[in-house]
Amino acid sequence: MENKEKQKKGGLFKSIIKRYLNESIFTKYFILFSAIFLVVMTILGTSLTVMVRAYNQNEGTRLLAENAESIASSISSTLIAQDMNSQYSIEKEIICRSLNIISGSIDADMFVCDVEGNVILCKERSGTMPFFGMFSRCAIHNDYYIGDNILQRVYEGGYVGKGNVSGEKSYIVGCPIYSGDEIIGSVFATKIAQTDSLTKAVFKMFMMCALLCLFLGFVFIWYLTKSFVRPLKEMSIATKRFAIGDFSYRVKVVGNDELSDLGKAFNDMADSLNVLESSRRSFVSNVSHELRTPMTSIGGFIDGILDGTIPRDKADYYLKIVSDEIKRLTRLVITMLNMSKMESGSFEMKPQNYDIADQIIHVLLTFEQKIEEKNIEIIGLENLPATYIVADSDMIYQVVYNIFDNAVKFTNDGGYISVSMIDNGESIEVHIKNSGTGIQPEELSKVFERFYKIDKSRGLDAKGVGLGLYIVKMIVEMHSGSIYAKSEDESSAEFVFTLPKSYSPIYKKEIKPNEQK
């Protein structure tokens with residue numbers, strides 16, 4: 001049982017480590033940095049090692065070459081070809097002593113060879129007693145053999161290289177001995193290549209610097225990835241909260257780089273989602289109310305007619321109410337469908353040349369009963385000149401209708417509605433102003449938002465869902481126009497929209513002047 005628990009814990013630990021290695025941005029960055037760092041350090045380390053060895057070899061062989069040339073020059077002035085052998089003489093004894101002194105001073109081994117490469121003089125023979133006129137046998141150099149290849153290079157001008165001497169890696173320098181123009185032998189100097197200590201010291205220093213750089217890289221990448229991951233983690237938290245409908249969370253924006261721009265954009269998106277969610281809830285509430293009220297009335301009146309609660313002589317009156325409610329539902333559904341088509345860009349417009357002033361008059365006539373009921377005065381209608389524009393007459397009709405509907409709804413009893421139009425040459429401005437309740441400054445920029453209602457108490461705007469002015473703005477902008485609202489005081493409000501007069505960039509088809517409604 002204990003083994004199973006250990007295996008389970010071990011498997012869990014491995015899975016956590018594997019997940020961390022697979023998903024941690026820090027780990028990925030650090031592995032990438034380490035790989036690049038190791039490649040660079042390997043190249044630098046190899047180059048540095050080669051340079052150190054080359055420098056050490058140059059310095060070691062330079063001193064050997066100077067002393068070997070000195071000995072060769074001394075022998076050239078002392079011995080001749082016949083003397084290049086192992087027979088004892090005072091001159092050769094002096095040469096051996098010189099070899100001993102110089103070898104000790106430069107920590108090297110120097111010896112003299114005849115033209116065949118046999119060692120005839122060395123530092124070990126200094127101070128030895130001659131045996132039958134010959135130098136005693138040297139236990140060290142007696143078995144030395146100089147290859148023909150090296151001898152050939154020595155006789156061609158000198159030899160500097162590296163090789164094995166008595167099993168040790170050594171620097172080898174050889175130079176020829178001349179007697180006049182004749183080569184009578186050669187001088188060799190060898191020194192053990194003691195590069196390990198220097199190489200180890202350089203390698204140790206190099207590794208310390210590399211580890212320091214790796215540590216600094218670790219700290220830098222940790223800080224960098226932390227600054228990268230922090231806003232991403234906050235965005236992840238925000239996304240999860242958005243998924244459950246909470247749009248209150250915001251990402252903390254620090255700095256002015258790409259991540260901060262992303263954080264700002266994310267917060268802007270959250271604000272938009274929050275507004276959209278609020279609008280959606282308001283829309284659901286409003287539409288639910290708008291649908292429930294007429295449907296309840298329709299159902300109640302029809303049930304009353306069917307079960308006899310409503311007398312037969314009153315049936316036509318209540319059926320008229322049912323018909324009005326059904327028309328009201330139809331208008332709501334059509335408005336929603338048109339709005340959906342406009343937002344998707346699939347709404348097909350049919351532009352034509354027509355008189356917008358005549359259209360404004362016809363729209364006002366549809367509100368004649370309501371205007372008379374509230375005793376509203378219409379100002380400026382008689383001053384509207386005939387003005388032709390190129391536009392979709394049905395859509396512009398809806399624009400004018402919705403603005404007048406809003407004006408009539410909020411105009412006080414005995415108030416006024418003022419209509420004027422300004423011809424700007426290539427465009428026209430239509431001004432519709434009404435008395436009554438004005439629009440607060442903070443609400444002027446919101447009146448064209450989807451589902452927004454100024455009268456949130458539903459007192460004056462009881463039958464609206466906050467889509468009329470939103471659709472008006474969409475239609476005007478689809479015609480390459482603009483619209484805005486203003487309220488100079490608390491007792492009036494004005495809507496102004498501008499439309500191109502003779503053309504619109506959204507259309508490619510040329511509209512002829514005789515195409516009138």
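Let's start with cysteine 96, which touches Leu121, Cys122, Lys123, Arg125, Ser126 and Phe135, leaving out residues up to four places away in sequence. Keep in mind as I go that this is a predicted model. Cysteine 96 sits in helix α3. Is cysteine 96 buried or exposed? It is buried, with a relative accessible area of 0%. One more detail here: the C-alpha atom of cysteine 96 is 7.7 Å from that of glutamate 124, and the two residues are 28 apart along the chain.

Now let's follow helix α3 to the sheet. Helix α3 lies across β1, β2 and β5, and runs at about 150° to β1. Those strands belong to an open sheet of five, ordered β2-β1-β5-β4-β3, with antiparallel pairing. Which strands are at the edges? They are β2, residues 119-122, and β3, residues 159-165, and each of them pairs on one side only. From one strand to the next, the twist averages 30°.

Phenylalanine 111 has phenylalanine 188 in β5 as its bridge partner.

Aspartate 107 is not a glycine, yet its phi is positive, at about 55°. The residue is exposed, with a relative accessible area of 53%. There is another case further along the chain. Asparagine 375, also a residue other than glycine, has a positive phi near 55°. Where does asparagine 375 lie? You'll find it in the loop between α9, residues 368-373, and β7, residues 377-379. Asparagine 375 is exposed, at 58% relative accessible area.

In soluble globular proteins, nonpolar side chains tend to be buried together. Here, the largest nonpolar core has 45 residues, and the members that touch the most others are Ile356, Phe404 and Phe497. Which elements supply at least two residues each? On the helix side there are α8 (356-366), α10 (393-410) and α12 (468-478). On the strand side there are β8 (388-392), β9 (416-423), β10 (427-435), β11 (482-486) and β12 (492-500). Apart from that core lies another, of 27 residues, including Leu64, Ile102, Ala108 and Val173.

Setting aside neighbours within four places in sequence, phenylalanine 404 is in contact with Ile360, Val363, Leu364, Phe367, Ile417, Val419 and Ile432.

Two packed helices are described by the angle between their axes and the distance between the axes. The axes of α8 and α10 come within 10 Å and cross at roughly 50°. That makes α8 oblique to α10. The crossing of α8 past α10 is right-handed. Which residues make the contact? From α8 they are Ile356, Gln359, Ile360, Val363, Leu364 and Thr366. From α10 they are Ser393, Ile396, Tyr397, Val400, Tyr401 and Phe404.

My last stop is strand β12. Nine of the nine residues of β12 are buried, so this strand is largely enclosed by the rest of the structure. Which way do its residues point? Ser492, Glu494, Val496, Thr498 and Pro500 point one way, while Ala493, Phe495, Phe497 and Leu499 point the other way.

Strand β12 has two partners to show you. With β10 it pairs in the antiparallel sense over nine bridges, and lysine 433 stands opposite glutamate 494 of β12. With β11 the pairing is antiparallel too, over five bridges, and alanine 485 has phenylalanine 495 in β12 as its bridge partner. How many residues lie between β11 and β12 in their hairpin? There are five residues between them.

Key
Residues numbered from 1 in each chain as written. Predicted model: local features only at pLDDT ≥ 70, side-chain atom pairs only at ≥ 80, totals over all residues. Heavy atoms only, no water. Core = buried A, V, L, I, M, F, W, Y, C linked by side-chain atoms within 4.5 Å. Buried < 20%, exposed > 50% of the residue type's maximum accessible area, 1.4 Å probe, protein only. Helix = DSSP H or I, 4+ residues; strand = E, 2+ residues; numbered from the N terminus. Contact = heavy atoms within 4.5 Å. Pairing = 2+ DSSP bridges. Axes fitted to C-alpha atoms, helices over the stretch in contact; angles between N-to-C directions. Parallel < 35°, antiparallel > 145°, perpendicular 65-115°, else oblique. Left-handed = near helix turned anticlockwise from the far one by under 90°.
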